[in-house]
Amino acid sequence: RLAPVVASLAGRYLGADYGAEAGGAPGGPITAADIPALSSSSFPLCMQAMLSGLTADHHLKHKGRLQLGLFLKGAGLPLEEAMRFWRTHFGPKCGGDDFDKRYAYSIRFNYGREGRRADYTPYSCVKIITTPVDAGDCAGCPYKTLAPAALAAALSKAHVPPAAAAAAAAKAAAGHFQLACAAAWEGAHPGHELESAGVSHPNQYYDESRRARAADAEGAAAAAGGMGVVEGGKGGGVKVEAAK
Ligand code: SF4
């Protein structure tokens, strides 16, 4: 009788829910303007893919809006900045009153300001991986949905070094999508190891990346003389000024 219970537990996510709006993630609240730089420094491949699709098409289907929108909420994007972000991206195809009528309610809903005012939490990897994705939709886990050549191109665009990209592609081909993601994380963060045993949540990937980038920034400041000033931490870029 226990076998089905154990089997269902294996596919269930039991970790942190990353539900706190604006401020729970390392580095504190973020703005819409921070998102492009943060994407290339610290977003997992799934969120990078949805952001690229959104930027190219000025549209994202319902599942993608939920997955990316709730991820950004968990990463510290407040409601008013989320509104700015979606309005800017959708603007060329659906701006002004049309945007308000079609999308503003669902964005406020995700933040618990409409409907039953629940604190909706970002999707875990298991939920993203097991949610069916329509053809041509950029939602979902790229380690599962992309063909090998497209996955290799996405990893290269995400600046994952070739050896780590090959390891990630091999794990993805074997059906180990979260291990593939962990291999890519470790390749993209040289000198660091994941604090957790693998990647189980896109916001875990993001939080651990922000901590690793902050540690790199501190190391760069220390290498520059121990009295430097570090700027630009949000975008992952580091500027070190020597103390006079
Ligand atoms: Fe995103 Fe998780 Fe897939 Fe990584 S394993 S790309 S975090 S869904």
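## Basis of the model

Because the model is predicted, local features need pLDDT of at least 70 and side-chain atom pairs count only at pLDDT 80 or more, whereas totals for chains, interfaces and linings use all residues. Residues are numbered from 1 along each chain as its sequence is written, and side-chain values use heavy atoms, with hydrogens and water left out.

## Packing of α10 and α11

Helix α10 (residues 162-173) and helix α11 (residues 177-188) have axes that come within 7 Å and cross at roughly 175 degrees, and the two helices are therefore roughly antiparallel (over 145 degrees). Helices are DSSP runs of H or I with at least four residues, numbered from the N terminus, and axes are lines fitted to C-alpha atoms over the stretch in contact, with angles from 0 to 180 degrees between N-to-C directions.

In contact (heavy atoms within 4.5 Å) are, among them, Ala164 and Lys171 of α10 with Phe177 and Gly187 of α11. The contact residues divide into nine nonpolar, one polar and one charged, where Ala, Val, Leu, Ile, Met, Phe, Trp, Tyr, Cys and Pro count as nonpolar, Asp, Glu, Lys and Arg as charged, and the others, Gly among them, as polar.

## Salt bridges

The structure holds six salt bridges (a side-chain nitrogen of Lys or Arg within 4 Å of a carboxyl oxygen of Asp or Glu). Within helix α5 (residues 79-90), Glu81 and Arg84 lie three residues apart, about one turn, and their closest N and O atoms are 3.1 Å apart; Glu81 is buried at 13% relative accessible area, while Arg84 is partly exposed at 47% (buried under 20%, exposed over 50%, partly exposed in between, with a 1.4 Å probe and protein chains only).

Arg108 pairs with Glu114 at 2.7 Å. Arg211 in helix α12 (residues 202-223) and Glu195 in the loop between α11 and α12 tie together parts that are 16 residues apart in sequence, with an N to O distance of 3.1 Å.

Note on methods. Angles under 35 degrees count as roughly parallel, over 145 as roughly antiparallel, 65 to 115 as roughly perpendicular and the rest as oblique.
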